[in-house]
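User: I am new to this structure. Please take a close look at one chain and walk me through it.

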Amino acid sequence: MAWLTEFGAIAAMQAFNGLSVFCVLLLMALGLAIIFGQMGVINMAHGEFLTVGAYTTYVLSGLTLHYAPSLQPYYFFLAIVVAFVIAGALGWLVEWAMISRLYHRPLDTLLATWGLSLVMQQALRSIFGAREVSAELPEWLMGSFSLTDAIDIPRNGLFTVAVTLLLTGGLFLLLFRSRWGLHVRATMQNRVMSRAVGIDTRRVDRMTFALGCGVAGVAGAVFTTIGSTGPTAGSLYIVDTFLTVVFGGAASLLGTIASAFAIAQTQSISEFFMSGSMAKVLTLSAVILILLLRPQGLFASKVRK
Amino acid sequence: MHSTSRGITRRWALGAVALSLLTASVMAPRAWADDANTTGLAVTPSEVTVGQLHSATGTMAISETGSIQAERLAIEQINAQGGVLGRQIKIIQEDGASDWPTFAEKARKLLVNDKVATVFGCWTSASRKAVLPVFEQQNGLLYYPTFYEGLEQSKNVIYTGQEATQQILASLDWIAKTKGAKSFYLIGSDYIWPRTSMKIARKHIENVLHGEVVGEDYYPLGNTQFGSLINKVKLKKPDVVFAAVVGGSNVAFYKQLKAAGVTSAKQTLLTLSVTEDELLGIGGENMAGFYASMKYFQSLDNPNNQAFVAAFKAKYGPNAVIGDVTQAAYLGPWLWKAAVEKAGSFDVDKVVAASPGIELKTAPEGYVKIHENHHLWSKTRIGEVQPDGQFKVVYESDLIEPNPFPKGYQ
């Protein structure tokens, strides 16, 4: 009987783990899904926008601790907003300076943004030093809720889930219920026609790219609770991010969600029964196999030509 | 040289200078080929050139920055004391850029073009393996600072960090004895150092401590999700989690342990891969009460170390932290100086021959001595993580003989 309760507890925690890995994957893939999926730009610097969000949190945590220690428990919300603004502004700048000149050469964006990622990494290293840093996190974010003796639900996991739900919901509203979202989708489907009916496609492009980068910034801020903050921290996520987006079908947000869920569950469950490295091999093999059978990804897509 | 034409004078002067320079450069090795330098190294009567080869850029810059700083500090101090055999040490620094072929290329440049007398460098085993053939072929000398998996011994390398058995065996003995630990869960990043270390640990646990390994797991480098692993640990309830997770994964691992409620109050954890450097990124509060096995901690209470920490902070700022490898890197220049002075020569062969038996009583970690196998005799210490990012030393072993090829552990 005791064995059964224990089994139940582990199953519950394992289920929550699957959910939280799902949210992490989704959170980091959302920004890329917008940029790669909606615009067709292969943004290799996506991880670095994540890193920018993480460093923003670190800087804000230092500032709060120094100037307003009493606000320390709440600064994290502000950090998320500021991370969005800073990463978004940076994205806006990058689109203006670089991406906008490369729209007819999609493969070149790969090279250019990869170069950008190296530049950003070294810039962060020059500014903050090569060593990893650690944001002072509010007490309520770390630790766990103990439901029973054996079941501990991580608070940062719950927080990640909440942010992911809010952000995904917000993006859906923005893309499918707002006038601006209509413009974005129209531009994606037919750029020339969109321009003909009076949509400022350049502006749409710029804002879309900025939005994607801003969302990456939010992900970076949230990830300070579960991962490291260093100049190359973002590159840890980039492979999984592309995997999720490509597997889901490039232009489909729903596809990204489905793909994040499938990958997270496969990963989480297989990790429980085998070594981490073998679980990764299994997950990647499954993804390759499915992409071989269904090259367009889980959900069929229409990519802008 | 009182010529009527200034042009001629100038040409003469230039020619004379050029000629003397040429003579100097041609004659240099021979002219100064005293006993101190018979192999054409970059040594003049007033100066000796050494190389420094670490990653100042790229992923590994996180770890190698401390080593670069410590070696520079040591060399500066040696120069202030009058240098080595009366020569001031000049450093040529090259950047391995976290890329192993680059390490090999820069090592060749330092040895062949710059003719440096010795090199202080490398951090990862991969970079050391990449430069090893170059050092052996060119007969160079490398001081390597990182604790590593062992199974290597080269005439051309002095290993100033601990090899695996030094770091692992004493700490396992300690934890088995003081905590009554019988069951162990082994966790590592998936590459040569954790795998070799865990292999040694498993043999020791099973054959010597007569305990049980209830789980052994490796995760790819850079993995950021440890939830499933943590659940497995909770299920198996080992007496000790024995961990060698590195890099960015390290931070994720400990933050997620804490978030899952696995704290030192509930679980004993001993790690081989967390120094003060890593704690900066992890945050001491996320790891408080866990143990790390190292030969050096910044908090060591002895006069040598106090002087070292003070000098380090004076040079690099009051917030600078010093980890195990940083201290081991600091030993390199001092061990080289001692060996050169014992040999009375900068020749690599003579310095190598003079090295075994070299003692350093001024080392921050305490007394060390070079073994015939080019590793150091050293003590192993267990540190308990404090919330402020420092360690409290809770155990100190006797001086341990280095044993890079341990019988019965392979």
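User: Take chain B. How is chain B divided into domains, and how many residues does the contact between them take from each?

Analyst: This is a predicted model. Start with the chain as a whole. Chain B has 12 helices and 15 strands. Its C-alpha atoms fill a box of roughly 95 × 40 × 40 Å along the principal axes. The radius of gyration is 24 Å; a compact globule of 410 residues would have one near 22 Å, so the two agree. Of the 410 residues, 54% count as buried. Take the contacts in chain B with a separation of 6 or more: 70% of them join residues 24 or more positions apart.

Now the domains. Domain 1 of chain B covers 39–162 + 301–374, and domain 2 covers 164–294 + 379–396. Their C-alpha centres lie 29 Å apart. Domain 1 brings 15 residues to the contact, and domain 2 brings 14. On the domain 1 side, helix H2 (61–80) and helix H11 (324–343) of chain B each supply at least two residues. That side of domain 1 divides into 6 nonpolar, 7 polar and 2 charged residues.

Chain B also meets chain A. There, 36 residues of chain B are in contact with 40 residues of chain A. Several elements of chain A give two or more residues to its side, including helix H4 (106–128), strand S1 (144–146) and helix H5 (155–177). The largest share, 7 residues, comes from H1(A). By class, the chain A side has 13 nonpolar, 20 polar and 7 charged residues.

Methods
Residues are numbered from 1 along each chain as its sequence is written. Chains are lettered from A and ligands numbered from 1 in the order in which they are written. This is a predicted model: local features need pLDDT of at least 70, side-chain atom pairs count only at pLDDT 80 or more; totals for chains, interfaces and linings use all residues. Helices (H or I, at least four residues) and strands (E, at least two) are DSSP runs, numbered from the N terminus. The radius of gyration is taken over C-alpha atoms; the globule rule is 2.2 Å times the number of residues to the power 0.38. A residue is buried if 20 or more other C-beta atoms lie within 10 Å of its own, exposed if 12 or fewer, and partly exposed in between; C-beta atoms are placed from the backbone. Two residues are in contact if their C-beta atoms, placed from the backbone, lie within 7 Å. Ala, Val, Leu, Ile, Met, Phe, Trp, Tyr, Cys and Pro count as nonpolar, Asp, Glu, Lys and Arg as charged, and the others, Gly among them, as polar. Domain bounds come from an automatic or database domain assignment.
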